[in-house]
Amino acid sequence: MTQESILSHLMSFRATTEAPLQTKALLQWYAAQVRNQPVETVWFEQNGFTSLLITTKKTKTPRLWLAAHIDVVPGPDDLFTITHSGGNLVGRGVFDMQFAAASYLVILNELTEKLPTLDFGIMLTSDEEIGGKNGVGALVREGYLATCVVLPDGGPNWELITVGKGVLHLKIIATGRSAHGSRPWLGENAIEQLLAIYTRFDSFCTQQFGAPSLTTTSWALTTINGGTATNQIPDAASLTIDVRPATEVDRETILQYLHDHTISYETLSDGACLSLSEDLPELSAIKNSASQNNITLTQGAMCGSFDGRYFAAENIPVLCFQPPGGDIHSTAEWIDSRGWEIFTKIIKDFVCEYAQTEIT
Ligand SMILES: [Zn+2]
């Protein structure tokens, strides 16, 4: 089966995150394709979300995971069939990210003979679009780890993500004392306190991290709540801040600031930063595989969060880059067909190089 026909099969399941029967049906079809291969197949289910693990050895910790989420966001009916536009394929999931699941199947099929000498696995999950907690998150908690993970859910046009920002969602809470609005001196205004806290926080961050940008830590005041009546001094108020730390050190700096200034806060969500250091052997290995295919991987940054953060939290390097493509979650979602073929070759070469257990 060609790469494109595999992809068009995957798309036909309309495997949106909200449709557990469809995502499961897709994974069952996928598992059926490797039935005659010398591989182990494990099903994993968490809160109704199915994941599929295919490994060349019976292990939870192969040397390398090729990971992808197979769930997609909804779209009009005709988007679940591939259309061709110039050298591009257009449709739901072609770039985010069923293309990768299709690549992995091609690689597995092409490597049939070699599989016993290789130690790698394919990890397919079905809940990335709503946070990945029951997919990669749960699998990592259950000990499905590796020395390295390929997860091409970012870095279009051959940009290898070396800085992937983390997440730190904070709720800052201020409490005061209520009084009648006509006698503010008798109360303590929680909203005014809160505004002062944020103003100081904002200038502290500017001083520490500089202006927010793609590659540096960003912070944004996103919601604010407080007060019940125009004539009442509010005794409680809260606001939320969306922080995207560029490094774990920046995250600590912020938490330390809140602690030092006895600011009362809750962490609503947090996710680890992804960073690949220059001297990481996996980094040069993947760059080699790319250059063997005449592709130069450039360094990229990413500010959205993706499943890679669960591996990053365990200090597992995540290799994240894609062929040319884009407009994900829109009706114009596309992938460059030729680039995709090269992508598959790069990953295949990397698997052969990195996951081999015996020198033949
Ligand atoms: Zn994605």
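Predicted model: local features only at pLDDT ≥ 70, side-chain atom pairs only at ≥ 80, totals over all residues.
Residues are numbered from 1 along each chain as its sequence is written.

View 1. A residue is buried if 20 or more other C-beta atoms lie within 10 Å of its own, exposed if 12 or fewer, and partly exposed in between, with C-beta atoms placed from the backbone. In a regular strand the side chains alternate between the two faces of the sheet. Strands here are DSSP E runs of at least two residues and helices are H or I runs of at least four, numbered from the N terminus.

**View 2. The partners of S9.** S9 pairs with strand S14 (residues 265-271) in the antiparallel sense, over six bridges, and His169 has Ser269 as its bridge partner there. Strand S13 (residues 236-244) also pairs with S9 in the antiparallel sense, over eight bridges; in S13, look for Ser238 as the bridge partner of Ile173. Two strands count as paired if DSSP finds at least two bridges between them.

**View 3. Arg244 in strand S13.** Arg244 is found in S13 and is buried, because 24 other C-beta atoms lie within 10 Å. Its C-alpha atom is separated by 5.6 Å from that of Thr217, 27 residues apart along the chain. Not counting residues up to four places away in sequence, Arg244 touches Lys165, Gly166, Val167, Thr217, Ser218 and Cys303. Contact means that the C-beta atoms of two residues, placed from the backbone, lie within 7 Å.

**View 4. A three-stranded open sheet.** The order is S15-S8-S16, with mixed pairing. Strand S15 (274-275) and strand S16 (298-302) are the edge strands, each pairing on one side only. Strand S8 (residues 159-164) runs parallel to S16 in a pairing of five bridges, and Glu159 has Thr298 as its bridge partner in S16.

View 5. Helix H4 (residues 133-141) has seven of its nine residues buried, so it is largely enclosed by the rest of the structure. Those buried residues are Asn134, Gly135, Val136, Gly137, Ala138, Leu139 and Val140. Their cover includes strand S1 (40-46), strand S2 (49-55), strand S3 (64-69), strand S6 (120-125) and helix H8 (308-312). After H4 comes Gly143, whose phi is positive, near 95 degrees.

**View 6. Helix H3 against helix H9.** The axes of H3 (residues 98-110) and H9 (residues 337-354) come within 10 Å and cross at roughly 50 degrees. H3 is therefore oblique to H9. Axes are lines fitted to C-alpha atoms, for helices over the stretch in contact, and angles run from 0 to 180 degrees between N-to-C directions. Angles under 35 degrees count as roughly parallel, over 145 as roughly antiparallel, 65 to 115 as roughly perpendicular and the rest as oblique. From H3, Phe99, Ser103, Val106, Ile107 and Glu110 meet Trp340, Phe343, Thr344, Ile347, Lys348 and Val351 of H9.

**View 7. Helix H7 against helix H9.** H7 (residues 281-292) packs on H9 at an angle of about 130 degrees, with the axes 9 Å apart. The two helices are therefore oblique to each other. On the H7 side the contact is made by Ala285, Ile286, Ser289, Ala290 and Gln292, and on the H9 side by Ile346, Asp349, Phe350, Glu353 and Tyr354.

**View 8. Helix H1 against helix H3.** The axes of H1 (residues 3-12) and H3 come within 9 Å and cross at roughly 130 degrees. H1 is therefore oblique to H3. Gln3, Ile6, Leu7, Leu10 and Met11 of H1 make the contact with Gln98, Phe99, Ala101, Ala102, Ser103, Leu105 and Val106 of H3.
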